[in-house]
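Trainee: I would like to go through this model one question at a time. Please show it first.

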Amino acid sequence: MTFLHPWAVWLGIAAAAAPVVIHLLTRPRPVRLPISTLRFVREAIRQRRARSRLRDLLVLALRTAAVLLLAMAIARPQWGEKPLVSDDEGGQAVRVVLLDLSQSMAATSRSVEAIERARTLAAGYLRYRPGLQANLVLAGATPRPVFDGPSTNFEALREELARCRALPERIDVNRALGVASEMLVPQSENDNRRRELVVVSDFQRSNWAAADFAQLPEDTQIQLEPVTADEAPANLAILRADARARSARGRRVQIEVDVGNFTPGARQAVVEVAVGEATLRLKATCPPGKTTLSDEIELRDLGWQPGRASLVGVDDALRADDSRAFVVCTRPRPVYALVTRQKADERPSSSHYLECALVPDRRLGDDASAELFRVDPEDLSHSVLAPADMIVLDHPGKLSEEGVKLLAGLLRRGRPILYVAGELIDAVNLKRLSDAAAGGLKMPVEFTPPPAGQLRRGLFLASVRAERPPFSVFGDGLQTATAGLRFAGGLSSRRNDGGLQDDLLAAYNDGSACLVMTASDAGALAVVNADLAASNLPQSEAFVPLVEELTDQLLSRRREKSNATCGEQLDATLPVEAGAAEGLTIVGPGPDDADPTPDRFGRLSDEGAAAVWHWPAPDRPGVYQVRREGKPVFAMALNVPAEESELESLPGEVFTERLAGGRKMYFHGTAGEGDRRDDAWKWFAVVCVVCMLGEVSLLLAFRT
Amino acid sequence: MSTAVQSRFLDMRALVALEHMRFTTRHRIEGAYSGRHQSRQQGGAGEFVDFREYYGSDDLRRLDWKVLGRTGKAFVRLHQDETNLVCTLALDATGSMLFGSGGRRSTRGSKLEYVQYLATALSHVISRGQDQVGLAVLDGGLREMLPPGGTPMHVTRLQEIIENLDTRPATRIAGGLRDLFERSRRRGVLLLLSDFLVDDLDEVFAAVRLFRHGNWEVIVLHVIHPDEERLPEGTAYRFEGLEDEGRVDCSPAEIRSRYRQLFESHTAMVRQYALADGCDYRRVSTAIPYLRVLHGFLVERTG
């Protein structure tokens, strides 16, 4: 135990002895008096002592205790582990204060933001002391020291500290520690200054769990100053908002919102989604953890549109994550080119089933050529396939060499292909297509004709990647939807060591592949290994959603990245139709961002056939649009990292026992055991008052 | 009657006021000589007081022949004999009697001085009434004893002894009283003047009871100095005992009340002892002039 004001202890001891000393010094000189009744005097004294000795002892004890307790209260006793960094330490020292500026520092607790507490704490370590040099590292996604090295300009450091605000980004802990390490590293062999690192943060588990303090000099004294309470403040957040424009449905958009409930119990969440002029309200009871809410919305316009999902009626710790921006790009319905030898009027046939599944809402007798047109394999050419957004092959027969090369070229350039392999010749076509892609297409399996005499009938699905499209569309009903499916036809398959096994989405009971989807440069190839006409799949309810999800997945591979997180470097490839970088402008989310300063929102450049948007440090959330002549050709939603919403902190012992890396570390817990506490003075003061009241009571009780 | 050499404690001018008063006793006494006090003897030479039927053992000389002749019945005449008083003054000369002198070597202002004045005056009054007066000085034992006598020489001698009285550091007087009882040949009146600040209070009154059983009249004069009744004002005193009892440092304020209780309790106890033993008890405060005390005492006894 130590004292904040040790002089008060000595003062207290002196004060406690003072009554005795004063009594001895001022004791009156007795008057000598002969007396005849000395026996009565003795008896009176004896009787009085029997009564008052106890009183005198108690009064003396209470009075002395009161004086000592008052002195102790003034002395402010402290116990527990002594902080490694304090102004009590003298001598030469270099100190780095690392201030966490991540978004979670904007969380409020008892109506005070964590960053406010952090500023106050950090300011306490940035006071002048002889021999002390200090620096402040503002730690966000890109840590930044205030000065290039430790300085004695504490006033400037405090001014910079006063300007600090929480940033909409996460902290790069190890980069920040690296910056601090550069400040603390000895300047020479004779540099024996005391090295101190003070980290002021909320110590969020998601950010600090992988902190590596071992990069600091070994003799660094590390002090961690948390700014949050023991329990994580209750927070409700939108972790993800996404709008999937389903290619097959045109303006109909699938909205998905992940709501994070970081409270102990379930919470009712109301999410209001606005995209353009359309709005949607999602309601659900969210248990602790992540809950996904989804619904469809029909948009009026096509093209790039900004959207925002917001929690309604929520009063939680972190307001910044109560809404999240997103963008959606709606395009016209895709056009399919169905390459088949089968006639359009040949019903039932595999191609007929496919046509019905690809354009499910076409009425009988309608001209489907606007969305799907049949192509004879003999007529394959670039001009014929140009209008198609996707190429579907079913019973194409043996493809010509030129046709294979054309398909491989289109595939690599981003044109998706759906291949329904129902005939033996399809094994040859797929092999030639793979070869024509020249290593750009590595399927997980190699399709081969089935052995002679082997009848491929009555096959059923034995293994399915339920969590991935297209099967994920069934959710919990996958087993029900696929249990009755029986397949026939198709090819045998054997594992291809060069392929990615994750691309094998479903397999039959005989081990052969059922559905494969493999990327090839910008495009994707999906192979359905079955003869649809001989299978019961087209007659099942699962057929249309399965095909729709499959085609949507193939088409979505062409989608550009349209969301990013603040603080992290942005490199986005613009769609080809956006054209060259020349003539493009970036417009920010704010009202004054229509005409920004050059490179305010990064830089656009031409790389290959497309323009690339490069922004080293995005600093503001919202929807940014890339426009040409005022018309948006691309949009990007920048948001706060979802990890910032979970405000749970790492316990102090994790730092001191696991992450310290052999360095001396002190975790200044909010009220934990072993923490240095100096609040006992209140109790000393209370007991002092009790002693004084006890003395008065005693005197009244023994009053004669 | 006059004394050849007057004691300094005998103030004749002050005693003029008491010239007409005599020391009397309420009981019949035994005396060696004829006097003015009723004797236990009822002979034929005294004042007629009554008739009584004749018994065979009565002296025929006391038979009233006239009554026999007139009534035919035999009666004897009763006469009260009068004799002189034999009084012994027993003075306490222990150290506590020196209280009041202020620590000086002289006895001025002390209880002893007061007792010297009072005893000298009493001896004067008693001897002036043709009675005999003796003296006993008590400390640890019977320090000095002067048997009762009535001659001027005897009284002068007695007053000399009183004049030269001093104290000794003793705390017991019961032994001296017992010795006095054993050495007294005739019963009479015992005047015990003491402050009773002794360790053997029970034994003192046991000795007094010896006198009472011997048909002595015992008069207890309890001498109290007013400064003994309460402790002095002041913050700190070092009280020193007058009888080699050591010393005590204390603040009187702390024990004043209790001290007073103890002193009053002691006084009450002495009075209770005295009255229980059939003694005549009188509390004498040295704050009251001894002449007034003596006057009151004599008046009370005269009835």
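Trainee: In which sense do β18(A) and strand β20 of chain A pair, and over how many bridges?
Mentor: This is a predicted model, in which local features need pLDDT of at least 70, side-chain atom pairs count only at pLDDT 80 or more, and totals for chains, interfaces and linings use all residues. Residues are numbered from 1 along each chain as its sequence is written, and chains are lettered from A and ligands numbered from 1 in the order in which they are written. Helices (H or I, at least four residues) and strands (E, at least two) are DSSP runs, numbered from the N terminus, and two strands pair if DSSP finds at least two bridges between them. For β18(A) and β20 (residues 390-394) of chain A, the sense is parallel and the count is 4 bridges.

Trainee: What is the bridge partner of A:A337 in β19(A)?
Mentor: β18(A) also pairs with strand β19 (residues 372-375) of chain A, in the parallel sense over 4 bridges. In β20(A), A:A337 has A:I391 as its bridge partner. In β19(A), the partner is A:F373.

Trainee: Which residues of strand β18 point the other way from A:Y336 and A:L338?
Mentor: In a regular strand the side chains alternate between the two faces of the sheet. All of the residues in question are buried, that is, 20 or more other C-beta atoms lie within 10 Å of their own, whereas 12 or fewer makes a residue exposed and a count in between partly exposed, with C-beta atoms placed from the backbone. Pointing the other way are A:A337 and A:V339.

Trainee: Which element gives the most to the side of chain B that touches chain A?
Mentor: A contact means C-beta atoms, placed from the backbone, within 7 Å, and 26 residues of chain B are in contact with 18 residues of chain A. Elements that give two or more residues to that side of chain B are β10 (237-241), β11 (247-250) and α8 (252-276). The most, 6 residues, comes from α8(B).

Trainee: Which residue in β10(B) stands opposite A:V31?
Mentor: Strand β2 (residues 31-35) of chain A pairs with β10(B) in the parallel sense over 5 bridges. Opposite A:V31 stands B:Y237.

Trainee: How many residues are in the largest nonpolar core?
Mentor: A nonpolar core is a set of buried Ala, Val, Leu, Ile, Met, Phe, Trp, Tyr and Cys residues joined through C-beta atoms within 7 Å. A:V97, A:L98, A:L99, A:V137 and A:A180 touch the most other members. Not counting residues up to four places away in sequence, A:L98 touches several residues, including A:A139, A:A176 and A:L197. The largest core has 105 residues.

Trainee: What is omega at the cis peptide bond that joins A:R347 and A:P348?
Mentor: Most residues other than glycine have a negative phi, and most peptide bonds are trans. A:P348 lies in the loop between β18 and α7 (350-358) of chain A. Its cis bond to A:R347 has an omega of about -10 degrees.

Trainee: Is B:D244 buried or exposed?
Mentor: B:D244 lies in the loop between β10 and β11 of chain B. Its phi is positive, about 55 degrees, although B:D244 is not a glycine. Because B:D244 has 10 other C-beta atoms within 10 Å, the residue is exposed.

Terms used: Two residues are in contact if their C-beta atoms, placed from the backbone, lie within 7 Å.
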